[in-house]
Amino acid sequence: MRNLARVFDSVADAYDAGRPTYPDELYRALAEVSGVELDGATTVDVGAGTGILTHALRARGSQVIAVDPGAEMLARLVSRTAGAGGGRPAVAAVLADGNALPLADGVADLVTYAQSWHWLDPVVSIAEARRVLRPGGAIAGCWNLHHAAQAEWLAAYESRLAEAVPTYWGPAVEEWSVPPIAAAFEVIEERWIPWTRLVGIEDFLLDLRSHSYMAALSPEAADELVGRQRRELREAFPEGVLSVPMRVYLAVGR
Ligand SMILES: C[S@@+](CC[C@H](N)C(=O)[O-])C[C@H]1O[C@@H](n2cnc3c(N)ncnc32)[C@H](O)[C@@H]1O
């Protein structure tokens, strides 16, 4: 495993506060494409992080085993789980590497990777997912992405990131594409789900701080870049609210 868990652990609070949830349409598409009814399913959510997908699956009746090697990320997931019981199924939080799941064979109906599969070994992780799936189960990867081509201001925002951050990887890079999880599946269906995120500038900047490429900058360089983005965004949107064109890429396979 690339030891990147600590990268996210260092930005766990910003991640928890700033990252968007996924639109409802994602869950409808996931159930439809996978053929797995979310209510009553057992899902292994690999790279669960602070639990954005985990909590939404749980709210839809899934019993979720949330796996992540980042102790700080998982701590946020656990604290949010504790405050949201209400007769919902249990969530098991497991501090572990998704390339070596500490789970028995054939326990899951779904294995999900929400913005996480690209951190894992592309071959070993899928072999592990197949091992823990029941016959008829499905594997799903999804990524919540800025649709920069839909708004000039967003394209300019991404370009400023590309200029300032050596490890930036996103829509401002010509050769950027979604992670190639579809290539790992035998039967595959892909969906693009557009949606719009309404968010205040400060929450949007917290989201920015939660990206691994920002965590790789020195604190001074990160502050300087966030300050520059804040100035540009406030000038363009003095009312302080952004309407961000987003799209979720979903790939489901067996
Ligand atoms: C971008 S975050 C995604 C978190 C969450 N799934 C979401 O949708 O917001 C990526 C997560 O993958 C986790 N991760 C990194 N390497 C991993 C590995 N080898 N196995 C499992 N998770 C890993 C990180 O700790 C981090 O929490």
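User: How are two packed helices described, and at what angle do the axes of helix H8 and H10 cross?

Analyst: The axes of helix H8 (residues 201–209) and H10 cross at roughly 150° and come within 11 Å. This is a predicted model. In general, two packed helices are described by the angle between their axes and the distance between the axes.

User: Is H8 roughly parallel or roughly antiparallel to H10?

Analyst: Roughly antiparallel, because angles over 145 degrees count as such. The crossing of these two helices, H8 and H10, is right-handed.

User: Which angle and distance describe helix H7 and helix H10?

Analyst: Helix H7 (residues 152–164) packs with helix H10 (residues 219–236) at about 160°. Their axes lie 11 Å apart. The angle therefore makes H7 roughly antiparallel to H10. H7 passes H10 in a right-handed crossing.

User: Now the ligand. Which residues come nearest to the ligand?

Analyst: There are 21 residues around the ligand. Tyr-15, Tyr-22, Gly-47, Asp-68 and Gly-98 come nearest. By class, the shell holds 13 nonpolar, six polar and two charged residues.

User: Which atoms of Tyr-22, Asp-68 and Gly-98 lie by the ligand?

Analyst: Take them in turn. Tyr-22 places a polar side-chain atom 2.5 Å from an oxygen atom of the ligand. Asp-68 has a side-chain N or O atom 2.7 Å from a ligand oxygen atom. Gly-98 uses its backbone: an N or O atom there lies 2.8 Å from a nitrogen atom of the ligand.

User: How much of the ligand does the protein bury?

Analyst: Taken alone, the ligand exposes 600 Å². The protein buries 99% of that.

Terms used:
Residues are numbered from 1 along each chain as its sequence is written. This is a predicted model: local features need pLDDT of at least 70, side-chain atom pairs count only at pLDDT 80 or more; totals for chains, interfaces and linings use all residues. Side-chain values use heavy atoms; hydrogens and water are left out. A residue is near a molecule or strand if one of its heavy atoms lies within 4 Å of it. A polar contact is a pair of N or O atoms within 3.5 Å; within protein, one must be able to donate a hydrogen and the other to accept it, and residues adjacent in sequence count only if both atoms are side-chain atoms. Accessible areas come from the Shrake-Rupley method with a 1.4 Å probe; for residues, only the protein chains shown count as cover. Ala, Val, Leu, Ile, Met, Phe, Trp, Tyr, Cys and Pro count as nonpolar, Asp, Glu, Lys and Arg as charged, and the others, Gly among them, as polar. Axes are lines fitted to C-alpha atoms, for helices over the stretch in contact, and angles run from 0 to 180 degrees between N-to-C directions. Helices (H or I, at least four residues) and strands (E, at least two) are DSSP runs, numbered from the N terminus. Angles under 35 degrees count as roughly parallel, over 145 as roughly antiparallel, 65 to 115 as roughly perpendicular and the rest as oblique. A crossing is left-handed if the near helix is turned anticlockwise from the far one by less than a right angle, and right-handed if clockwise.
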